[in-house]
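Work through the following exercises with the structure in view, and try each task before reading its solution.

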Amino acid sequence: MNDSAMRRARESDLAGADAKPPAAPPCAVVIFGAGGDLTKRLLVPALYNLARVGILPPKFRLIGVDHRERTIEDFRAGLRESVQQFAKTRGTEAGEFDAAAWARIENAVDYVQADFNDPAGYKRLSEHMSTVDRDHGTLGNILFYLAVASRFFAPITLSLAASGLMQEERDGTPWRRIIIEKPFGTDYASARALNEQILGVLRERQIYRIDHYLGKETVQNMMVLRFANGIFEPLWNRNHIDHIQITVAETVGVEQRGGYYDKSGALKDMVPNQLFQLLSLTAMEPPNDFSADSVRTEKVKVLDALRFPDPKKPGESAVRGQYIAGSVQGKPYKTYREESDVEKGSMTETYVAMKMTIDNWRWHGMPFYLRTGKAMTKRLSEISIQFKHPPQVMFRDTDIDRMIGNRLVIHVQPDEGVSLRFGAKVPGPALKLGRVWMNFHYADYFDAAPSTGYETLIYDCMMGDATRFQRADSVESGWRAVEPLLQAWELDPYRNFQNYPAGSAGPQIADEMLAKDGRAWNRMTWKPTEEKRS
């Protein structure tokens, strides 16, 4: 096929793929914690990107709420500077700042000074929102975003409800919705208590528990990959898959978050939310349809079926560690216990790896291996499906001593895409097998819109689509699944704990855990293009 034919085929494949979704309905977005890093680095750049692609509401207002006194001019100038810094390289084809798109945001920006625990602040906000609705035609629709520390989640929600700002009619008009960041609780009991508090004043349909991982294109594509491709779904079970690995590795350490992280650790910070969300998308049964409740119900079923292989000894199915001095991509790192706001004798894990099973018909007995850590050798998030080996019998009298294991890897970040490994004959007279890869990268095939990971999620909330957000039972099921391990570690904090140098792939005991099963972790430094032959 010549270049012209290939181009026509690609254009045919992509027909309709670039169709722009409709603009969101008129609304106001109120960000609590408007002076924080999340707002500056991700939320406002995400709104800027929505404006760039033309799906920001035609009638829109952005109201920042924070305890600090500042003028609207100062607030707008600070946001402009942040967008220029964090969204510039994702701008136009020339990589330039899109002044017209930013003007749509800047002209809609307001600011309300309020202490999160002061009723007077909510009164000022309520009065301001009445003015916004009257003067700017937002139809009374408000999206509240809690970009604040978790200790404020309940107080802010309860205060918004008490002030009447969350009031909806029975038909949900005008709509009032709230996005709540993680961590949603610190264990099963606290997550359940927080749900009870919030659901005591709001309907579930108003609550959007966010995890930015679910805004990644590859994560969203998981259901399409599985359920819209006949070559995968028939093989997606314990009969054909040997095991599944889910990795979320970060090169950064705790940086300036030592005070928070030392009370949380890798398990609480990452497993019940990000890793379990990836796992549930990977393992869920096909939903009856793509409605939010249908999809989320199937995901919850996976979390409810999660088990440690030995329920009586959950600590035997998990290992953890803490980074010590080392070098990550040439940058020196000091020992975790020497980081700012970290206790000198801290036993908080910065790495955790675990083996779990799903006690249902599709997956019974097949292991899922999960790992996440900080100060690792490479920034990497991926889902790796290792298929079982075919029978060796027909090759028994050849020079082939082992078969090539088929592997499907879903790359979540930083290079979003999918890779498939299979065996092929090496050219020549001898019968030899080589490993070959088929690689798909979103950036190569689709003209992806610039993204911070929050655009889709904010847009979905404006549209009232809760598919990518966690429901109350999902949050509680995730915490319930790790509760036995949290209890085991509390009783024996030194069990399966080992340090690892910053810049490595984690503690040695994590490798030993898989070696006991005759398996090994995928190499974090691996790239499909580097693995040509066996």
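**Exercise 1.** At what angle do helix α2 (residues 37–52) and helix α3 (residues 72–86) pack, and how far apart are their axes?

Solution. This is a predicted model, in which local features need pLDDT of at least 70 and side-chain atom pairs count only at pLDDT 80 or more, while totals for chains, interfaces and linings use all residues. Residues are numbered from 1 along each chain as its sequence is written, and side-chain values use heavy atoms, with hydrogens and water left out.

Step 1: α2 and α3 pack at an angle of about 85 degrees, with their axes 9 Å apart.

Step 2: angles of 65 to 115 degrees count as roughly perpendicular, and therefore α2 and α3 are roughly perpendicular to each other.

Step 3: in the contact (heavy atoms within 4.5 Å), α2 supplies Thr39, Lys40, Arg41, Val44, Pro45 and Tyr48, and α3 supplies Leu79, Ser82, Val83 and Phe86.

**Exercise 2.** Describe how helix α9 (residues 258–283) packs with helix α10 (residues 292–304).

Solution. Step 1: the angle between α9 and α10 is about 110 degrees, and their axes lie 9 Å apart, which makes α9 roughly perpendicular to α10.

Step 2: the contact involves Phe276, Gln277, Leu279, Ser280, Leu281 and Ala283 of α9, together with Lys299, Val302 and Leu303 of α10.

**Exercise 3.** What is the average pLDDT of the chain?

Solution. Step 1: pLDDT (the predictor's confidence in each residue, from 0 to 100) averages 88 over the chain, and 88% of the residues score at least 70.

Step 2: over residues 1–16, however, the pLDDT is below 50, and over residues 89–94 the pLDDT is also below 50.

Step 3: where pLDDT is low, the predicted coordinates should not be read in detail.

Note on methods:
Axes fitted to C-alpha atoms, helices over the stretch in contact; angles between N-to-C directions. Helix = DSSP H or I, 4+ residues; strand = E, 2+ residues; numbered from the N terminus. Parallel < 35°, antiparallel > 145°, perpendicular 65-115°, else oblique.
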